[in-house]
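Here are my notes on the model you sent over. Have the structure open while you read, and go through the points in order.

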Amino acid sequence: MAITQRMDLRQAQSLVMTPQLQQAIKLLELSNQELAAYVEQELEQNPLLERGEDERAAAGEEGGRLATQEAMTSEPAETAGPDRVMDSSEYVQSETMGGERQSPLDTDYDNLYNTAEDRAVERGEGANAPDTGFADNWSSGGGGGGRTDFSDSELGLEQTLTKPETLREHLERQLYLDIQDPTERMIGLQLIDMLDEAGYLTGDLLSLAERLGCPPAQVQSVLVRLQQFDPCGVFARNLAECLALQLKERDRLDPAMQALLDNLELLARHDRHQLMKICGVDAEDLADMVAEIRALNPKPGASFEQADVQAVVPDIMVWRRQDGSWSVELNAEQLPRLLVNQQYHARILPKTQNKAEKDYLNERLATANWLVKTLHQRATTILKVASEIVRQQEAFFLHGVQHLKPLIRRDIADAIGMHESTVSRVTTNKFMATQRGVFELRYFFTAAIQGAAGQAAHSAEAVRQRIKELIDAESAGDILSDDRLVAILQGQGVDIARRTVAKYRESLRISSSVQRRREKALRSA
């Protein structure tokens with residue numbers, strides 16, 4: 001057979017992910033904040049995109065001007081209607097606008113600022129009030145020590161703003177007041193940089209001394225002085241040293257307390273007998289020592305690093321109607337409203353100078369239309385998935401977490417006719433507001449635990465909640481071990497193994513039965 005080169009023509013079908021399709025898939029898993037940032041970026045790059053709120057505000061101003069013109073001329077104003085504008089939220093949330101349109105300016109410029117006579121009337125002086133000269137000084141700020149008018153103040157807004165003091169700023173201020181030697185100040189600044197958010201010292205002092213080219217004893221000397229700074233306990237290298245610094249400040253660091261700090265692991269296990277033996281104290285003194293330690297602050301620097309708590313904004317709102325049905329709606333405040341300005345495109349396109357400009361405008365128009373359509377598809381998909389979740393987990397919304405059913409994403413995908421990966425992307429970083437709280441959509445997908453004696457399967461989250469309720473209800477004299485928890489759950493129709501109970505208990509951050517028995521015995525003592 002001869003080996004030759006030739007060209008063949010073949011036809012084949014394959015699935016190709018276009019850039020627009022890839023971007024549409026990416027938009028599905030974006031959170032509210034990420035989607036808002038992406039829309040903001042598109043608004044900056046695309047001149048044909050506008051905000052829906054701006055469009056309605058502009059329409060309101062135009063209506064006010066037309067109404068004013070009709071009132072002045074008593075003739076109907078003939079205006080040409082604008083072109084159709086596409087709104088990304090019109091498919092999901094309809095908005096009814098009623099009432100009379102008002103002019104954006106409902107006051108005269110003369111009424112914006114008070115005159116000297118107005119200020120005198122406001123102060124109760126009146127037109128016939130005796131002239132003492134104080135009124136002029138009050139308004140002008142001149143002569144006789146009169147007050148300066150606030151409107152004449154030269155302070156800007158940025159000069160009146162305040163922010164909480166950080167831990168670094170608090171410690172640096174004390175450093176400059178307490179330490180005058182430049183070398184020791186440099187060492188102190190380096191030690192401040194080695195603090196974590198809780199105020200603990202991280203890193204090695206020997207490596208710091210080698211990097212700065214100074215004796216390790218000098219670094220240790222500076223550290224001892226810094227450990228006396230406020231807040232007490234800062235610059236500690238471990239928990240025991242942090243507590244020791246605070247006890248030393250209170251003059252309570254005796255040998256028995258130091259022995260207790262050296263054996264914090266026994267305190268964590270509530271091993272009272274071993275602690276009494278090591279510290280040489282009785283049960284009453286040990287209880288007092290433990291109470292003193294509990295009153296200390298294990299994270300002295302945490303009060304300065306207060307991160308802003310970001311509230312979760314739900315994407316879906318769920319509530320029950322009076323007839324017993326469920327209402328599932330998207331949060332209208334989180335829906336981005338975008339408009340495609342077709343009129344601007346039609347006006348600019350004939351003025352293009354070359355083919356490149358024309359292609360740019362057409363490409364921007366296609367991108368804007370695609371974005372509006374993609375946002376609509378995203379909202380519709382989220383609404384479909386949320387509605388199906390509410391339908392299949394209705395028992396949870398009615399009776400609580402004990403009635404949460406086992407559910408996987410494939411069940412939702414088969415019910416709504418979508419791929420399982422699409423459901424996975426939709427349930428990422430999406431939250432649902434219900435009468436029982438705000439839950440992430442992923443919360444409703446739990447594994448199944450087989451029921452005993454052929455009974456129905458149970459949700460893993462419901463079983464975990466049941467374990468927590470059983471442990472919370474136990475008494476000091478009847479601590480439930482993992483084996484007893486297994487027996488109780490099997491009696492309630494849950495076929496579960498002991499290692500599964502231990503795993504769920506540890507995920508709830510609940511200690512073992514031995515540890516709980518010691519804790520409750522210590523509390524009762």
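1. Start with helix 21 (residues 482–491) and helix 22, which pack at an angle of about 105° with their axes 9 Å apart. Helix 21 is therefore roughly perpendicular to helix 22, since angles of 65 to 115 degrees count that way. Keep in mind that this is a predicted model. If you wonder why two numbers are quoted, packed helices are described by the angle between their axes and the distance between the axes.

2. Which residues make that contact? From helix 21 come Asp-482, Asp-483, Leu-485, Val-486 and Leu-489, and from helix 22 come Arg-498, Val-501, Ala-502 and Arg-505. Sort the residues of this contact by type and you get five nonpolar, four charged and no polar ones.

3. Now look along helix 22 itself, residues 498–507. Thr-500, Val-501, Ala-502, Tyr-504 and Arg-505 are buried there. As background, an α-helix has 3.6 residues a turn, so residues three or four places apart point the same way. Just after helix 22, have a look at Arg-509, which takes a positive phi of about 60°.

4. Leaving out residues up to four places away in sequence, Val-501 touches Ile-467, Asp-482, Leu-485, Val-486, Leu-489 and Ile-496. Take the pair Val-501 and Asp-482: they are 19 residues apart in sequence, and their C-alpha atoms are 6.5 Å apart in space.

5. Four strands form an open sheet in the order 4-3-6-7, with mixed pairing. Its edge strands are strand 4 and strand 7 (437–440), each of which pairs on one side only. From one strand to the next, the twist averages 20°. In general, strands of a sheet pair through backbone hydrogen bonds, either parallel or antiparallel.

6. Strand 3 and strand 4 are antiparallel and share five bridges, and here Val-318 stands opposite Val-328 in strand 4. Strand 3 and strand 6 pair in the parallel sense over two bridges; Ile-316 has Met-432 in strand 6 as its bridge partner. Strand 6 and strand 7 go back to the antiparallel sense, over four bridges, with Met-432 standing opposite Phe-439 in strand 7. A hairpin of two residues joins strand 6 to strand 7.

7. What lies across strand 3, strand 4 and strand 6 (431–434)? That is helix 16, running at about 155° to strand 4.

8. Then there is the largest nonpolar core, with 28 residues. Ile-316, Ile-412, Met-432 and Phe-444 touch the most other members. Elements giving two or more residues to this core are strand 3 (316–320), strand 4 (326–330), helix 16 (355–392), helix 17 (394–399), helix 18 (409–416) and helix 19 (420–426). Helix 16 supplies the largest share, six residues. Apart from this core lies another one, of 23 residues, including Leu-189, Leu-191, Leu-201 and Phe-235. The general background is that in soluble globular proteins, nonpolar side chains tend to be buried together.

9. Zoom in on Ile-316, which you have now met in both the sheet and the core. Not counting residues up to four places away in sequence, Ile-316 touches Val-328, Glu-329, Leu-330, Ile-382, Ala-386, Phe-431, Met-432, Ala-433 and Leu-441.

10. Setting aside neighbours within four places in sequence, Glu-461 is in contact with Val-401, Leu-404, Tyr-443 and Thr-446.

11. Finally, zoom out. The protein has 23 helices and nine strands. How many of its 525 residues count as buried, as a percentage? The figure is 35%. Of the contacts between residues at least 6 apart in sequence, 61% join residues at least 24 apart.

Key: Residues numbered from 1 in each chain as written. Predicted model: local features only at pLDDT ≥ 70, side-chain atom pairs only at ≥ 80, totals over all residues. Heavy atoms only, no water. Core = buried A, V, L, I, M, F, W, Y, C linked by side-chain atoms within 4.5 Å. Buried < 20%, exposed > 50% of the residue type's maximum accessible area, 1.4 Å probe, protein only. Contact = heavy atoms within 4.5 Å. Axes fitted to C-alpha atoms, helices over the stretch in contact; angles between N-to-C directions. Parallel < 35°, antiparallel > 145°, perpendicular 65-115°, else oblique. Nonpolar A, V, L, I, M, F, W, Y, C, P; charged D, E, K, R; others polar. Pairing = 2+ DSSP bridges.
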